[in-house]
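Please look at the chain first, then read the notes by topic.

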Amino acid sequence: MSDQHTALIKTPRQLITVVILAFVVPVIVIILLAKFVTGSKTGGAGSDAMTPEAISDRLKPVGVVALQQAVGPRALQGGEAVYKAACAACHAAGAAGAPKTGDAGAWGGRLKQGFDTLVKHAVEGFKGMPAKGGNPDLDPIEVARAVAFMGNQSGGKFSEPAAPAATKVAAAGSPALSGEQVVKQVCGSCHETGKGGAPRIGDRAAWAKRVANGINAVTDSAIHGHAGMPARGGMASITDPEMKAAVLYMFNAGGGVVSTAAAPAAAASAPTPPVAAATAGGKPDGAKVYAAGCNACHVAGVAGAPKFGDKAAWAARAQLGVAALTASVVKGKGAMPPMGGQMSASEAELRAAVEYMLAAAR
């Protein structure tokens with residue numbers, strides 16, 4: 001027997017194959033281990049182009065169209081247009097108990113309530129129907145037109161209300177509508193009765209807390225909306241100066257009643273005529289100016305107002321001097337609105353009222 005072992009590599013070709021594998025296999029193993037340890041991803045040039053972020057950027061539109069209401073009063077829509085846009089969703093099919101348009105039987109009892117009542121329900125909301133059909137941007141006139149359209153389709157004989165006569169453009173910063181006009185058109189539906197916690201018109205005790213931070217803060221809330229109150233009372237065409245005039249009117253007893261609980265000695269106050277009280281010598285009569293509006297708070301000391309005749313309450317204020325006190329009345333301070341709420345009073349008349357109250361506290 002021969003002791004010689006048989007060799008594994010018998011030909012040059014086998015030798016070359018073994019040498020190549022000896023280099024390639026370790027390199028592949030090293031590469032796989034490196035990828036496993038680092039967890040890195042490799043990719044060819046441009047591989048990031050298929051990521052979700054890159055795809056989203058490529059699909060992004062070149063420009064964006066922004067819709068914005070044009071400055072100035074907008075054209076009011078007709079009843080049919082408002083009906084189709086806001087009311088038809090329920091009234092076309094009679095959904096959620098809404099009377100179906102064209103159904104004279106369903107509308108009969110409602111038509112008997114009268115046009116004004118139907119409009120009031122539509123503007124303020126009634127049972128399952130949201131205010132203004134769920135579109136707070138609608139003008140009350142547009143809502144009334146929609147009511148007229150539906151009523152007429154169902155046996156009624158209503159006339160669509162016309163737009164109010166155009167008001168002369170006021171000077172910059174001043175209201176075109178008076179505070180009373182704005183209240184009657186927009187604010188009265190809630191503020192006349194205190195609906196939803198709204199402070200009643202003329203109830204200074206209820207308004208005192210709200211104007212503690214100044215009349216501008218209350219006006220800002222009315223402009224932008226607060227709690228259950230929609231922006232600008234739900235009427236987008238009302239300007240900032242008009243909103244401020246409305247707030248001043250409601251605070252200054254615009255037809256409301258001063259709370260007897262907060263000011264027992266203050267009689268129920270109605271809107272006061274322009275102050276034109278003067279003594280025989282031509283000087284404004286402070287007592288009459290005081291009685292025309294100041295007494296609503298100063299009689300009982302409402303909202304921190306120094307009580308009339310209270311020497312201790314007036315002592316520190318008296319040291320400021322008549323001129324400084326008059327300036328505070330004119331500009332408004334704390335819960336006291338500008339001009340003491342008497343927008344028709346002159347500065348001389350307000351000064352006379354200050355002098356009268358100071359004299360009573362000496």
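Helix α10 is mostly covered, with nine of its twelve residues buried; buried means under 20% relative accessible area, exposed means over 50%, and partly exposed lies in between (1.4 Å probe, protein chains only). The model is predicted, so local features need pLDDT of at least 70 and side-chain atom pairs count only at pLDDT 80 or more, while totals for chains, interfaces and linings use all residues. Residues are numbered from 1 along each chain as its sequence is written, and side-chain values use heavy atoms, leaving out hydrogens and water.

**Overall make-up**

- The protein has 14 helices and zero strands; helices (H or I, at least four residues) and strands (E, at least two) are DSSP runs, numbered from the N terminus.
- Along the sequence the pattern is α-α-α-α-α-α-α-α-α-α-α-α-α-α.
- The protein has 362 residues, and 31% of them count as buried.
- Of the contacts between residues at least 6 apart in sequence, 56% join residues at least 24 apart, where contact means heavy atoms within 4.5 Å.

**Helix α10**

- The helix has twelve residues and reaches 17 Å from its first C-alpha to its last, close to the 16 Å expected at 1.5 Å a residue; the expected span is 1.5 Å times one less than the number of residues.
- Its buried residues are Glu-242, Met-243, Ala-245, Ala-246, Val-247, Leu-248, Tyr-249, Met-250 and Phe-251.

**Two loop residues**

- Arg-232 sits in the loop between α9 (215-224) and α10 (240-251).
- A polar atom of the Arg-232 side chain lies 2.9 Å from the backbone oxygen of Ile-238.
- Leaving aside residues up to four places away in sequence, Arg-232 touches Val-186, Ala-222, Ile-223, Ile-238, Thr-239, Asp-240 and Met-243.
- Ala-93 is in the loop between α3 (79-91) and α4 (104-112).
- Ala-93 counts as exposed because its relative accessibility is 59%.
- Leaving aside residues up to four places away in sequence, Ala-93 touches Ala-88 and Lys-100.

**Cysteines**

- The structure holds zero disulfides, a disulfide being a pair of cysteine sulfur atoms within 2.5 Å.
- For Cys-87, the closest cysteine sulfur is that of Cys-90, and the 9.1 Å between the two sulfurs is too far for a bond.
- Cys-87 is buried, with a relative accessible area of 14%, whereas Cys-90 is partly exposed at 34%.

**Aromatic rings**

- The count comes to five aromatic pairs; rings of Phe, Tyr and Trp (its six-membered ring) pair if their centres lie within 6.5 Å, and planes under 30 degrees apart count as stacked, over 60 as edge-to-face and the rest as tilted.
- In one of these pairs, the ring centres of Tyr-83 and Phe-149 are 5.3 Å apart and the planes are at 45°, so the pair is tilted.
- This pair links distant parts of the chain, with Tyr-83 in helix α3 and Phe-149 in helix α6 (residues 140-153), 66 residues apart.
- Tyr-83 counts as buried at 10% relative accessibility, and Phe-149 counts as buried at 16%.
- Tyr-290, Phe-308 and Tyr-356 form one aromatic cluster.

Notes
A polar contact is a pair of N or O atoms within 3.5 Å; within protein, one must be able to donate a hydrogen and the other to accept it, and residues adjacent in sequence count only if both atoms are side-chain atoms.
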